[in-house]
Amino acid sequence: MRLDAHASTDPGPVRDNNEDALFVDADAGLFAVADGMGGHASGEVASQIAVDTIRDILESDGDPDETRLERATAQPGEAVRERIRYAMNQASLRIRRAAQQNPVHAGMGTTLAVLLIDGPVAHYGHVGDSRIYHYRDGQLTRLTRDHTVVQQEVDAGRLTPELARLVPHKNILTQSVGYHGPVEPDTATRPIQPGDLFLLCSDGLTDPFDDATLADTLRRLPADEDLAAELVRHAIAAGSEDNVTVVIVRVLG
Ligand code: CA
């Protein structure tokens, strides 16, 4: 499939630095967003290591064992999903090593959302609360489930999604790349078709918007617009105080 991508990131009106990082390679079909955390500029170090590692590993030649794994599991795409999980764990290792080498970065970590489009399917994986959405025929579907304490409360039925958006500790993560050591990314594969749109974002986009508002905004924006830049602009206008990062991927055919 031919792809077209736009990306935009902004520190927002409150923060001095931008701890988000992004990676876009439409030719390779590889996209990533990371939202770093940690004092002394550590967040931006962690998020950059994360997206660099994703590029290094997922754009290098595949492991010859993968074909065997694919045959052994008989689950389409499992070898690619395993490679995404491996790359995310390598990112975690590299971040911890960087923190050991420079104690000023101790405790740094990052979210990581990865989309890999390969022929007629999209593989994706994530750790933390950066999200991936799929938009088709005016319908927006959230593909990722936040790794947050609040999401666990929602899943357990102790909190409604509406209240979850308002609680002060909503950004506490249950796992993050680097900080938490080995990670267990959620991964999945879905078929794609021309006209599909994928959206990767940091929580700076989704803090001021619920999914219904995000879907409305996408429906209203002209399709030929740079949607990434427009969504970042909308998030800041709606009061986002965080760094805002958006990657938009269109499947052209
Ligand atoms: Ca953030």
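A pocket is taken here, on a 1 Å grid over the protein atoms alone, as an open set of points where a 1.4 Å probe fits, with protein on both sides within 12 Å along at least five of seven lines; its lining residues have an atom within 4 Å of a point. Grid points are joined across faces, edges and corners, and a volume is the space filled by probe spheres set on the points. The model is predicted, so local features need pLDDT of at least 70 and side-chain atom pairs count only at pLDDT 80 or more, whereas totals for chains, interfaces and linings use all residues. Residues are numbered from 1 along each chain as its sequence is written, and side-chain values use heavy atoms, with hydrogens and water left out.

The largest pocket holds about 490 Å³ of space. Its lining comprises 22 residues, and Arg 131, Arg 142, Asp 146, Gln 151 and Arg 165 are those nearest the centre. Of the lining residues, 12 are charged, five polar and five nonpolar (Asp, Glu, Lys and Arg count as charged; Ala, Val, Leu, Ile, Met, Phe, Trp, Tyr, Cys and Pro as nonpolar; the others, Gly among them, as polar). At least two lining residues come from each of α4 (149-155), α5 (161-164) and α6 (203-206), where helices (H or I, at least four residues) and strands (E, at least two) are DSSP runs numbered from the N terminus.

The second largest pocket has a volume of about 180 Å³. Strand β3 (residues 30-37) contributes the most to this lining, with three residues. The lining divides into six charged, four polar and two nonpolar residues; among them are Arg 15, Glu 19, Asp 35 and Asn 243.

Yet Glu 19 has no salt bridge (a side-chain nitrogen of Lys or Arg within 4 Å of a carboxyl oxygen of Asp or Glu). The nearest side chain of opposite charge, Arg 15, is 4.1 Å away. Leaving aside residues up to four places away in sequence, Glu 19 touches, among others, Asp 35, Met 37, Glu 44 and Asn 243 (heavy atoms within 4.5 Å).

Ala 41, in the loop between β3 and α1 (42-58), has a positive phi near 60 degrees and is partly exposed at 35% relative accessible area. Asp 137, in the loop between β7 (131-136) and β8 (139-142), has a positive phi near 50 degrees and is exposed at 70%.

Definitions and conventions: Buried means under 20% relative accessible area, exposed over 50%, partly exposed in between (1.4 Å probe, protein chains only). Lys and Arg count as positive and Asp and Glu as negative; His and the chain ends are not counted.
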